[in-house]
Amino acid sequence: AALAQRAAVLEARGAWAEAIGAWSSAVARDPSFLPAQLGLAQAQIRAGRPADALPILEHVTARAPGVAGAWLALGVAQSMLERHGSAIASAERAVSIAPDVAAAHLGHGDILYRTGNYAGAGRAYQRAVALAPGNAAALNKLATGTARLVEVARALAAALVGIAHYYEPHG
């Protein structure tokens, strides 16, 4: 427990390499302690090492399939590795386990946004805001997602005008 607390403090400071070391020590001390394995995988993701996190998260989700945070972390790692179909499925699993947790919807929205599904991301962010109206991250992501949808709609409209102009009779 002390190593896990130390790792959490290191993560809060953004000291990813040290946090990974502390989480690794916690896992080595008690390999059956799934929260330490999840902490290690999350630190690896934050350090930009999703390939290292993936097998750990697959193990954790297999051993504890009801832990929404493990599924969400798995989805994030998969998304970082461009495995978007699997990432979306993992994030949807997290949301199905924890439908009333704003963080699950935020993570789901982030994964959808990364795949270019801005409408789906917007819906996920709206759900997060509905669950946590004062959550600044949820509000910011909803605003960003909405702005992106507007950009896409404008680009589509411009393309349609260009296509219509191309097919106008030129006489």
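Predicted model: local features only at pLDDT ≥ 70, side-chain atom pairs only at ≥ 80, totals over all residues.

The crossing of H7 and H8 is left-handed, meaning that the near helix is turned anticlockwise from the far one by less than a right angle. Their axes, lines fitted to C-alpha atoms over the stretch in contact, come within 8 Å and cross at roughly 165°. That makes H7 roughly antiparallel to H8, the word for angles over 145 degrees on a scale from 0 to 180 degrees between N-to-C directions.

Here's who does the touching, with contact meaning heavy atoms within 4.5 Å:

| Helix | Residues in the helix | Contact residues |
|---|---|---|
| H7 | residues 102–114 | Ala-102, His-105, Leu-106, His-108, Gly-109, Asp-110, Leu-112, Tyr-113 |
| H8 | residues 118–131 | Tyr-118, Gly-120, Ala-121, Ala-124, Tyr-125, Arg-127, Ala-128, Leu-131 |

By class, the contact has ten nonpolar, four polar and two charged residues; Tyr and Ala count as nonpolar here, while Gly goes with the polar ones.

Numbering runs from 1 along each chain as its sequence is written, and side-chain values use heavy atoms, leaving out hydrogens and water.

Now the whole chain: it has nine helices and zero strands, counting DSSP runs of H or I with at least four residues as helices and E runs of at least two as strands. Of its 171 residues, 39% are buried (under 20% relative accessible area, 1.4 Å probe). The accessible surface comes to about 9200 Å², 60% of it belonging to carbon and sulfur atoms (Shrake-Rupley method, 1.4 Å probe). Among contacts between residues at least 6 apart in sequence, 43% join residues at least 24 apart.

Conventions. Parallel < 35°, antiparallel > 145°, perpendicular 65-115°, else oblique. Buried < 20%, exposed > 50% of the residue type's maximum accessible area, 1.4 Å probe, protein only.
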